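The entries follow the order in which I checked things.

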Amino acid sequence: MRLRLAIQKSGRLNEDSMRLLKECGIDINNGVNKLKAEATNFPIELFFLRDDDIPQYVENGVADIGFVGENEVYEKAKSVDVVYALGFGKCRLSFAIRKGDTFTGPEFLTGKKIATSYPVLVQQYLNKHNIKAEIHEISGSVEIAPGIGLADVVCDLVSSGSTLFMNGLKEAEVILNSQAVLIKHKKFSPEAQAILDRLLFRIESVKKAKKNKYVLLNAPNEHLDKIISLLPGMRSPTVVALATPGWSSVHSVIAESDFWEIIEQLKAAGAEGILVVPIEKMIL
Ligand code: ATP
Ligand code: ZN
């Protein structure tokens, strides 16, 4: 069998979705049929769809799994399982108001016209805060609605905020932080689950690798203990004697988040010739 994976046909999530598969060592046979493609070296088949439709297709089992933004998963409120956060496609669903206005809290929205492509999530927010407002659902270019007098407020996806800014708007309140996630059909055969587990294992290795760097450095032997204590390593750092007496080469793995701090401490402890190398895959 093949696991059927739905990804966005074109748009912001397409490239990252394809790249992730590639980094997982999955080669896609990009045939003439642009709706479907098969992997040549992994039991997976791709369906290229609009992101809005992916939750629906995974719910009804046309696709087994999908890569899609959480914003679409929660807006469409389909019955699917969110299995894994993929770490790309990060954005926020936010209310935006005219630059000159002051957001005073949820009450600001009372009686306002709100333009959005996310009526379900906006209504949930309004209900939660007990606010009555008018929702205008529009499918694209939501940010121009206030400029043409269609709405007072918009609720839309934001990453940098520059689109809002260009339209005389500013971000006022985040209602959802979103990223691409792997979703799964509710019912899975053991065979399908085994393929998904293999895929998740690969995705996890790629993600872990991105979060870490491989570090090689030269250390004077008299400071070796101090330098080793600064390095976490997978188990413990590798230490190899250099041809120059009194020196060793130390190899280890450092988390990206701690990287600069550790490098500074290593230098202070006498480390030299520090090389930092990206890791492609990391299997623990
Ligand atoms: P489709 O034709 O597939 O319906 P679309 O126009 O709805 O495409 P895109 O603009 O390509 O969708 O966005 C796809 C997803 O990318 C969004 O649903 C969201 O999860 C994510 N995303 C990340 N950053 C942003 C952003 N700044 N604006 C919009 N979407 C973003
Ligand atoms: Zn869409």
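Before reading any strand pairs, I noted the term: two strands pair if DSSP finds at least two bridges between them. I also noted that this is a predicted model.

**Entry 1: a strand pair.** I looked up strand S1 (residues 3-8) and found that S1 pairs with strand S4 (residues 44-49). The two run in the parallel sense, and the pairing covers 6 bridges. For one position I checked who faces whom: Ile7 stands opposite Phe48 in S4.

**Entry 2: the sheet around that pair.** I then asked in what order the strands of this open sheet lie. I wrote down S2-S3-S4-S1-S5-S12-S6, which makes 7 strands with mixed pairing. Strand S2 (28-29) and strand S6 (81-85) are at the edges. Each has a single partner strand, so one side of each has no neighbour in the sheet. Helix H1 (residues 14-23) packs on this sheet and touches S1, S2, S4 and strand S5 (65-69). The direction of H1 makes about 145° with that of S1.

Entry 3: I found another open sheet, of 5 strands, in the order S9-S8-S10-S7-S11. Its pairing is mixed as well. Here strand S9 (134-137) and strand S11 (169-178) stand at the edges. Each of them has a single partner strand, and therefore one side of each is left without a neighbour in the sheet. From one strand to the next, the twist averages 25°. Within this sheet I looked at strand S8 (residues 113-116) and strand S10 (residues 153-158), which pair in the parallel sense over 3 bridges. Ala115 stands opposite Val154 in S10.

**Entry 4: the zinc ion.** Which residues are the protein donors of the zinc ion (ligand 2)? I found Asp51 (OD) and Asp52 (OD), at 1.8 to 2.1 Å from the ion. The site has 4 donor atoms, and the angles among them run from 76 to 173°. I recorded the site as irregular.

Asp52 has a relative accessible area of 22% and is partly exposed.

**Entry 5: domains.** I looked up how the protein is divided and wrote down domain 1 (3-89 + 179-209), domain 2 (91-177) and domain 3 (212-278). The centres of domain 1 and domain 2, taken over C-alpha atoms, are 30 Å apart. Their contact takes 7 residues from domain 1 and 9 residues from domain 2.

Terms used. Residues are numbered from 1 along each chain as its sequence is written. Chains are lettered from A and ligands numbered from 1 in the order in which they are written. This is a predicted model: local features need pLDDT of at least 70, side-chain atom pairs count only at pLDDT 80 or more; totals for chains, interfaces and linings use all residues. Side-chain values use heavy atoms; hydrogens and water are left out. Donors are N, O and S atoms within 2.8 Å of the metal (3.2 Å for Na, K and Ca); water is not among the atoms, so sites may look incomplete. Four donors count as tetrahedral if all angles lie between 85 and 135 degrees; four count as square planar and six as octahedral if opposite donors are over 155 degrees apart and all others between 65 and 115; anything else is irregular. Buried means under 20% relative accessible area, exposed over 50%, partly exposed in between (1.4 Å probe, protein chains only). Helices (H or I, at least four residues) and strands (E, at least two) are DSSP runs, numbered from the N terminus. Contact means heavy atoms within 4.5 Å. Axes are lines fitted to C-alpha atoms, for helices over the stretch in contact, and angles run from 0 to 180 degrees between N-to-C directions. Domain bounds come from an automatic or database domain assignment.
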